[in-house]
Structures are given as C-alpha cells and as structure tokens.
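Please keep the structure open beside you and look up each place as it is named.

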Amino acid sequence: MHAAQVTAWDRPPKYISLPTPTPEPNEHLIKILAAGLHQVVRSRAAGKHYSISTLPHAPGIDGVGTLPDGQKVYFSCFGPGGSFAEYITRPNAMIRPLPEGLDPMQTAALVNPAMSSWMALKARCENLPSDFSVLIMGATSASGRLAVFLARHLGASKVFGSGRSEESLKEVGLDGFVVLKDDPNETDWSALGHVDIILDYVYGAQAARLLTQINPNRRVQYVQVGSLGGTEMSLPGQALRGKDLVIRGGGPGAWSMGDMAKEIAGLLEALVSVGDQKVEIIKLEDVETAWNKKGEGRMVFVP
C-alpha cells in the first residue's frame, strides 16, 4: 500500500510504499477514504507536539474508511498515527459507524476540531447549572466556530465569544462578544458578566487578562484547549484567591483515550446537524508538495 511518512521533523512527509497491515484478532482492517490535515497533525509531524518524539513518524490521527463488509466508519489513531495511508488496522473501541447523513469528507475534516470543545464540555466540566453559559475564547477559529454550535447542542443557554475581528464575531451567532485588542491590557472584559464555562483556544496574556478582570457570582470552570495567543500565562495569585475559579486542561492526557471512545458516537450524531463546511480535497500522492499549502478550508487527503 501507499502511505505518508515523516523522516525529518523539518521536512514534509514523503509518499512511500509499505506493506499492508494485518489486523490482530480484536482489530479491523479499514480501507481509508479520507484523513484530515488538522493543526495537531502538522504539529506532530514537525516534532512539536508532546504526544510524539520519534522518527519515522506516520502522520494522521483519525479518518474515515470502510470495513471489509462496506460499512463506512470513523476511526481514531491518535497514539500510533497512520491515517495518511491506504489502509490501517484499528481495535473495535476506536471505530464508530458513520450516522446516516454524515458525509465522509466532512467527517474527516471536522471531528478533530470539534473534539476539543466536545471533550472539554463533556469530560472536563462538571456539576453545571441547568442554564449554564459559555465563553469561547477564539470563537472565529475553525474549532471555535464548532465550539459555539456544540455548546448550544449540549444545552448552553447563552454562548459568548472573543476574537480579533468584530466583523467575524458578528457572523458566528453569539449572544455577545468581546474584541481582543493587540495589546491584551486594552481588552475590556468588564461588560461580559458571569459565564459558567470558559473554553480557551487563545491562552497567553489574553487569558491572564480575562481571568484577572472577570468578577463571577458563582463558580467558573476554565478549560485551556489551545494556544493561538501564546503558550504561557502569568496569572496573579489574587486572581485565584479572590474568585471561585476551577482551571483545567482539555486534551489527550487531561482525558483518556477511553473517555474519548465513549464520546465519539455522540459527537458524530451532533455533527449531522452542523451543516457543510468548506473542505479542500487533496490526493495523498501529492502530500509532499501540498503539505505546507494554506487552503481556503479544512484540508482532507484521500488515497
């Protein structure tokens, strides 16, 4: 079979030939239809993600394919990687049937960016009031836009957002928003009011500014899921002592692969209603030349 393989962290994957894998007794052989080029896939292939450290590396953390009986399935392979290939073997726990009406290309493109907010809300938040509200930091990013939809799907009474573009924020369908200034000290959170959950795709100085300025009237659960604005945050101690604030991370390690496996079916059902997103389909044989391309939509590779 053909597959993509990373042999150097500073170079794009190469298109190579490998033996077709043989499934173990508890595994299925999947013929891959599509795999998404997510940001985490790029980070792993560059050796910049905490989950990978050795070469050669098989890129791709999930995808859509068919079982030998023709059934279309979504599969996850975050640990070993390898979805940028023609075939892969996966255990039963990491495979879920595609619901009726869910397009394979859309699924390959959207499950990963949607998983961050879905797992944050389902596995990293607890004891929420019935009328819980959510703030999405970075609401105009691909993951942020999906987070807005999924928060409402899971019962949020109000969803707020933040981003750098006021025009883009108006398009997302929020109950209110805060525009992030270039200087985080100029971002004004005073009008936000109380929110029960903060899903943060930005982090850095903007997050520190937020957590310092908010004045909640009950517990706030903050979940860090991305670092678009920086990888470190300096938070004054009084911000922790002076308010009921729970800080958690959301990602593999903060939740287990078993936790994720339990949630995949529910997420797939939710995505049936999200509507088609812009997807760019690229042949796997072009992986080396297309890897660093900036597409207009989510990039999906097909064998």
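1. Is Asn-127 buried or exposed? This is a predicted model, and the answer should be read with that in mind. Asn-127 has a relative accessible area of 76%, and because residues over 50% count as exposed, Asn-127 is placed in that class. Asn-127 lies in the loop between H2 and S8, and its phi is near 50°, which is a positive value in a residue other than glycine.

2. Another residue with a backbone of this kind is Tyr-203, whose phi is near 65°, again positive although the residue is not glycine. Tyr-203 sits in the loop between S11 and H5, and at 17% relative accessibility Tyr-203 counts as buried, because the cut-off for that word is under 20%.

3. Please also look at the peptide bond that joins Leu-55 and Pro-56, which is cis, with an omega of about -5°. Pro-56 belongs to the loop between helix H1 (39-45) and S4.

4. The strands that follow deserve a slow look. S4 (residues 62-66) and S5 (residues 72-76) run antiparallel and are joined by 5 bridges, and within this pairing Asp-62 has Ser-76 of S5 as its bridge partner. The hairpin that they form has 5 residues between the strands, and in this hairpin Gly-70 takes a positive phi near 95°. S5 is mostly covered, with 4 of its 5 residues buried.

5. S5 also pairs with S7 (residues 95-97), in the antiparallel sense and through 3 bridges, and Val-73 stands opposite Pro-97 in S7. Ile-95 is found in strand S7 and counts as buried at 10% relative accessibility. Which residues does Ile-95 contact, leaving aside its neighbours within four places in sequence? They are His-28, Ile-30, Val-73, Tyr-74, Phe-75 and Arg-90. Tyr-74 is 21 residues away from Ile-95 in sequence, yet the two are 5.8 Å apart in space from C-alpha to C-alpha.

6. Turn next to the open sheet of 6 strands, which has the order S10-S9-S8-S11-S12-S13 and parallel pairing. Why is one side of S10 (176-179) and of S13 left without a neighbour in the sheet? Both strands stand at the edges, where each has a single partner strand, and so one side of each has no neighbour there. Direction ignored, neighbouring strands of this sheet are turned by 15° against each other on average. One of the pairs is S9 (residues 158-163) with S10, parallel over 4 bridges, in which Gly-161 has Phe-177 of S10 as its bridge partner.

7. Helices pack on this sheet, among them H3, which touches S8 and S9 and has a direction that makes about 175° with that of S8. H5 packs on the sheet as well, touching S8, S11, S12 and S13, and its direction makes about 150° with that of S8. In H5 (residues 204-213) the buried residues are Gly-204, Gln-206, Ala-207, Ala-208, Leu-210 and Leu-211, and what covers them includes strands S8, S11, S12 and S13 together with helix H6 (237-241).

8. How do H2 and H3 cross? Their axes come within 9 Å and cross at roughly 50°, and the two helices are therefore oblique to each other. The crossing is right-handed. The residues that meet there include Leu-110, Trp-118 and Leu-121 in H2, and Leu-146, Leu-150 and His-153 in H3.

9. Finally, consider the nonpolar interior. In soluble globular proteins, nonpolar side chains tend to be buried together. The largest nonpolar core here has 27 residues, and those with the most contacts inside it are Val-111, Met-115, Met-260, Leu-267 and Leu-271. H2 (104-123), H3 (142-153), H7 (257-271) and S15 (298-302) each supply at least two residues of this core, and the largest share, 8 residues, comes from H2. Leaving aside its neighbours within four places in sequence, Met-115 is in contact with Met-260, Ile-264 and Leu-267. A second, separate core of 20 residues includes Leu-121, Val-148, Val-223 and Val-225.

Note on methods
Residues are numbered from 1 along each chain as its sequence is written. This is a predicted model: local features need pLDDT of at least 70, side-chain atom pairs count only at pLDDT 80 or more; totals for chains, interfaces and linings use all residues. Side-chain values use heavy atoms; hydrogens and water are left out. Buried means under 20% relative accessible area, exposed over 50%, partly exposed in between (1.4 Å probe, protein chains only). Contact means heavy atoms within 4.5 Å. A nonpolar core is a set of buried Ala, Val, Leu, Ile, Met, Phe, Trp, Tyr and Cys residues joined through side-chain atoms within 4.5 Å. Two strands pair if DSSP finds at least two bridges between them. Axes are lines fitted to C-alpha atoms, for helices over the stretch in contact, and angles run from 0 to 180 degrees between N-to-C directions. Angles under 35 degrees count as roughly parallel, over 145 as roughly antiparallel, 65 to 115 as roughly perpendicular and the rest as oblique. A crossing is left-handed if the near helix is turned anticlockwise from the far one by less than a right angle, and right-handed if clockwise.
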